[in-house]
Amino acid sequence: MILVAAANGNQGKLLVPKLLATGHQLRACVRSDESARTLHAAGVTDVVVGDMANSDVLARAMRGVETVYYVGPALHPEEARMGFAAIDAAQDAGVSHFVFSSVLHAILTDLVQHQSKRDIEEYLVSSGLEFTILQPANYMLRHRLVPAFEQNVFRLSWSLDRSQSMVDVDDVTSVAAAVLSDPHRHSGATYELVAPGQYTAHDLVAVISGVTGRTVAAEQISPDTFLQAAFGVDSLNDFPYQTEVMRAISARYSSHDFIGNPNVLTWLLGRPPTTFEQFVRREFLKLHSSARG
């Protein structure tokens, strides 16, 4: 049996159908009854509902599991502690293989959330469990494109002149499905998952403009403005950790490029990875199909 944590999140929504399609016995762990209903409707019969910060929830989720796909909580101040607890629970339950979704260049500890993931990586490598670590670049995410499609503006909370590498979440979950289907083959591996291309914001809007046929502008906003919009609040006083994380991201990405190499992802997929232009075309088509519907 495979356990997928955060099974209704960015990765889980794409990974779960791939695992079901190949006939795997699957358990999903989610935080809400609403997410559980979504997964039941998708065909998952074994769903654990609860916060994986709770030791009882962790124990129930891990019981009888052979392989774990662990995705930590985004922007959570206890991310490292929760990762350690998940690894401990996997050991206690006799899990054979632990697959950890980390981040590209986890060694960059001036990025607050990278430090948490780096510490989890170290704990996992030292745990004695068979493991695989996936290190995806920044995700290509649809919600970042919506303002560009609807308002002709693409916003980033760091320098518009710095280059970044990205990756399509669908490609990441294709790799995850392959690893989970044959974990022993990937035991002890750490894989950087990066799509082709290194893009400044100006490069990105050129691609978006070419796909939409409209002139799209790049706009730099502050990390605080980004978070206020994300949380729908006027003040960030209740979000000190998340504010620290976003300010660290803005500082790092404004002073350094954040780039990687696509060779490993190409090998793992057995095909060229999805490019940013292909991603934009796909999402633009979805938007128009939805509008017509």
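**Note on strand E5, its sheet and helix H5**

1. Ser102 lies in the loop that connects strand E5 (97-101) to helix H5. Helices (H or I, at least four residues) and strands (E, at least two) are DSSP runs numbered from the N terminus. The model is predicted: local features need pLDDT of at least 70, side-chain atom pairs count only at pLDDT 80 or more, and totals for chains, interfaces and linings use all residues. Residues are numbered from 1 along each chain as its sequence is written, and side-chain values use heavy atoms, with hydrogens and water left out.

2. Ser102 is buried, its relative accessible area being 5%; buried means under 20% relative accessible area, exposed over 50% and partly exposed in between (1.4 Å probe, protein chains only). Apart from neighbours within four places in sequence, Ser102 is in contact with Lys117, Glu121, Ile133, Leu134, Gln135 and Pro136. Contact here means heavy atoms within 4.5 Å.

3. The open sheet consists of 7 strands in the order E3-E2-E1-E4-E5-E6-E10, with parallel pairing. Two strands pair if DSSP finds at least two bridges between them. Strand E3 (46-49) and strand E10 (189-193) are at the edges with a single partner strand each, so one side of each has no neighbour in the sheet. On average, neighbouring strands are turned by 15° against each other, direction ignored.

4. Of the 5 residues of E5, 5 are buried, so the strand is largely enclosed by the rest of the structure. Both faces are covered: His97, Val99 and Ser101 are buried on one side, Phe98 and Phe100 on the other.

5. Strand E4 (residues 67-71) runs parallel to E5 and is joined to it by 5 bridges; Tyr70 has Phe100 in E5 as its bridge partner. From E4 the chain passes through helix H4 (residues 79-93) to E5 in a right-handed β-α-β crossover. Right-handed means that, with the strands pointing away from the viewer, the path from the first strand over the helix to the second runs clockwise.

6. E5 is also joined by 5 bridges to strand E6 (residues 130-136), again in parallel, and Phe100 stands opposite Ile133 in E6. The β-α-β crossover from E5 through H5 to E6 is right-handed.

7. The axes of H5 (residues 112-125) and helix H10 (residues 240-255) come within 7 Å and cross at roughly 100°. Axes are lines fitted to C-alpha atoms, for helices over the stretch in contact, and angles run from 0 to 180 degrees between N-to-C directions. H5 is therefore roughly perpendicular to H10, a term for angles of 65 to 115 degrees. Val112, Gln113 and Ser116 in H5 meet Tyr241, Glu244, Val245, Ala248 and Ile249 in H10.

Notes:
Parallel < 35°, antiparallel > 145°, perpendicular 65-115°, else oblique.
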